[in-house]
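Here is a short tour of a protein model, written to be read with the structure open beside it.

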Amino acid sequence: MSERRLARWRSGLVHRELTAYPGPLRRAGLVVLVVACTVVLYQQQYVQGAVSPSVLAHFGVSFRWYLTLIVVTNLLGALASLLAGLADRVGRANLVVAGLALHALLTAFAIPAAPNALGYGTLVACSGIVEGAVLVATPALVRDFSPQVRRGTAMGLWTLGPVLGSLVVAEVASNTLPHLHAWQDQFHIAGLTGAAVALAAFLWLRELSPGLRDQRMRSAQERALVEARARGIDLGEALRHPWRQMARTDVLLPAFGVSVFLLIYYAAVGFFVIYFTSVFGYSQAQANSLGNWFWAADALAVVASGVLADRLGVRKPLIVGGALVAVVMTLVFASRATDPATTPLTFVLIISVLSLSRGFAYAPWMAAFTETVEQRNPALVATGLAIWGWVLRLVVAASFLVLPLVVSAVTPVTTYGPTLAAIRTAYPEQVATLEVLPPAVRAGLRTNPPEAPAVSAALATIGARFHLDRAQAVARLLALRQLPAADRAYLQAHGPAVTQARARAPGQWRTWWWICAGGQLVFIPTVLLLRGRWRPSAARRDQQAWEAQVAAELARLRAEHALPEVLG
């Protein structure tokens with residue numbers, strides 16, 4: 001490599017702006033790199049959901065503590081999303097590179113080494129701040145590199161980031177948890193993967209210069225026109241009063257609508273493992289394997305709907321159609337909460353269709369939302385996305401504050417259930433014996449010496465329940481001495497509460513899934529505020545009028561400035 005080229009390459013690692021609009025292959029490569037950054041970011045962000053029961057047991061904290069951590073993390077992420085609106089002024093690429101590298105270090109090394117619950121919570125909250133900032137910068141980059149006629153496909157690919165991140169977490173966990181028992185191993189895997197992609201972003205990620213990105217571009221055929229306009233854009237005027245320009249009804253209400261639409265998504269990320277393990281008795285690996293189907297269907301849907309939206313030239317019919325099916329499937333999913341006989345195959349079918357419909361609505365929505373923001377001011381796309389990220393994080397934080405009030409049974413089940421399960425695994429016969437004895441009998445057995453009536457009643461109960469003769473019943477009663485006193489006390493203190501909570505949990509979870517379906521219904525009318533047509537024929541007429549306007553402006557600029565004839 002010549003000295004001149006080496007200097008230019010080194011400069012590009014810091015000064016990442018492209019002064020000419022890149023060709024199709026380079027644009028595609030940059031979009032793929034941004035998607036890869038998003039995938040590993042969310043793989044790291046969601047990994048704690050895959051091992052949440054183990055984390056709670058390791059630090060001895062309650063489910064309410066876990067929810068409080070999620071709330072705090074989302075509130076900090078909301079603040080970071082607002083601050084990331086500065087990407088309109090300072091750029092996007094360096095924010096992504098630095099954020100991804102910091103997030104990888106936190107995930108791979110800091111969080112697994114947390115000495116206690118406070119340290120773990122603090123580090124997870126810090127990772128939430130980084131995620132909130134990168135959440136805004138990555139879709140802004142994808143928007144910059146995607147003209148509107150390809151925006152649906154591009155946003156479908158970007159939406160793959162969180163979805164594939166969730167899928168990778170579920171796939172890795174379901175295949176490695178039986179072998180890598182420490183929950184820290186899942187963080188190591190995710191963090192090291194993120195570090196590798198951060199290095200690739202450091203070497204190759206670039207962004208458009210402000211003059212190029214601060215325009216509305218429908219087609220790549222406008223490349224020459226966009227570059228010509230970039231030389232005359234008054235950036236100071238375009239960036240004046242950014243929040244005032246973007247905090248409008250057609251930005252705020254759709255952002256709120258999609259946030260409540262995504263309640264089922266965030267419940268899946270944070271609580272599917274807890275839900276399936278606590279209500280249906282699945283292992284963590286089995287619960288994560290169900291998640292594989294949810295995320296795989298979502299990944300398929302977001303790409304397919306994005307491509308279809310571009311082919312049709314409309315977004316809204318796909319958004320509303322997907323949302324309506326999602327409402328129906330969420331209600332079907334809720335109905336299975338109180339049916340313990342539901343088979344895993346039934347859940348696979350339900351959550352796959354639910355995820356397909358949800359993803360079918362979301363990718364076109366992202367395209368329509370960025371186009372709505374562009375319509376207001378293309379120089380403030382990151383600011384509009386910052387408002388979306390802020391509202392999203394606030395809604396998620398509020399929902400996690402409400403969830404323990406609705407699903408109150410989950411707290412004792414997740415707090416005491418793992419320890420009770422460990423005791424049951426170590427002493428299955430003794431625990432089964434204790435569970436059949438009435439409380440008064442157990443109290444009589446605890447005296448020294450045991451009360452004779454209690455012993456007689458215990459032997460009669462054990463013999464009748466387990467079909468044992470007197471000698472076998474005596475041996476089984478004496479076997480209770482093998483159960484450590486601390487474990488027996490734990491069973492007596494928390495066993496009844498967990499049993500009662502398990503009985504209440506299915507109905508309470510069903511109520512939460514109903515709330516998620518309500519959020520999807522609220523989302524539908526907010527779609528009306530987004531820009532874009534309902535009928536493909538009207539969209540085609542708009543495109544033809546735009547192309548005629550572009551051709552006229554290009555002809556004028558060629559005459560005035562001798563622009564090249566060959567475009568693209």
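Aspartate 144 counts as buried, at 4% relative accessibility, where buried means under 20% relative accessible area, exposed over 50%, and partly exposed in between (1.4 Å probe, protein chains only). Please keep in mind that this is a predicted model, in which local features need pLDDT of at least 70 and side-chain atom pairs count only at pLDDT 80 or more, while totals for chains, interfaces and linings use all residues. Residues are numbered from 1 along each chain as its sequence is written, and side-chain values use heavy atoms, with hydrogens and water left out.

**Salt bridges**

What does aspartate 144 pair with? Its side chain meets that of arginine 92 in a salt bridge, meaning a side-chain nitrogen of Lys or Arg within 4 Å of a carboxyl oxygen of Asp or Glu. Arginine 92 sits in the loop between α5 (87-90) and α6 (93-110), and aspartate 144 in helix α7 (residues 117-144), so the pair ties together parts that are 52 residues apart in sequence. Helices here are DSSP runs of H or I with at least four residues, strands are E runs of at least two, and both are numbered from the N terminus. Arginine 92 is buried too, with a relative accessible area of 0%.

A second pair joins arginine 151 and glutamate 374. Arginine 151 belongs to helix α8 (residues 151-176) and glutamate 374 to helix α18 (residues 344-376), so this pair ties together parts that are 223 residues apart in sequence. Both count as buried: arginine 151 at 1% relative accessibility, and glutamate 374 at 1% as well. These two pairs belong to one network of salt bridges, which links Arg92, Arg143, Asp144, Arg151 and Glu374.

Elsewhere, aspartate 310 forms a salt bridge with arginine 315, and both of these residues are buried. By the rule above, the count comes to 13 salt bridges; three of them are listed here.

| Salt bridge | N to O distance |
|---|---|
| Arg92 and Asp144 | 2.8 Å |
| Arg151 and Glu374 | 3.0 Å |
| Asp310 and Arg315 | 2.9 Å |

**Nonpolar cores and surface**

The largest nonpolar core has 147 residues, of which Phe271, Trp388, Trp509 and Trp513 touch the most other members. Such a core is a set of buried Ala, Val, Leu, Ile, Met, Phe, Trp, Tyr and Cys residues joined through side-chain atoms within 4.5 Å. Apart from it lies another core, of 16 residues, including Ile423 and Leu491. Tryptophan 513 is in contact (heavy atoms within 4.5 Å) with residues including Phe272, Tyr275 and Phe333, leaving aside its neighbours within four places in sequence.

Leucine 394 lies in helix α19 (residues 381-406) and is partly exposed, with a relative accessible area of 32%.

**The whole protein**

The protein has 26 helices and two strands. Of its 568 residues, 56% count as buried. The C-alpha atoms fill a box of roughly 110 × 55 × 35 Å, taken along the principal axes.
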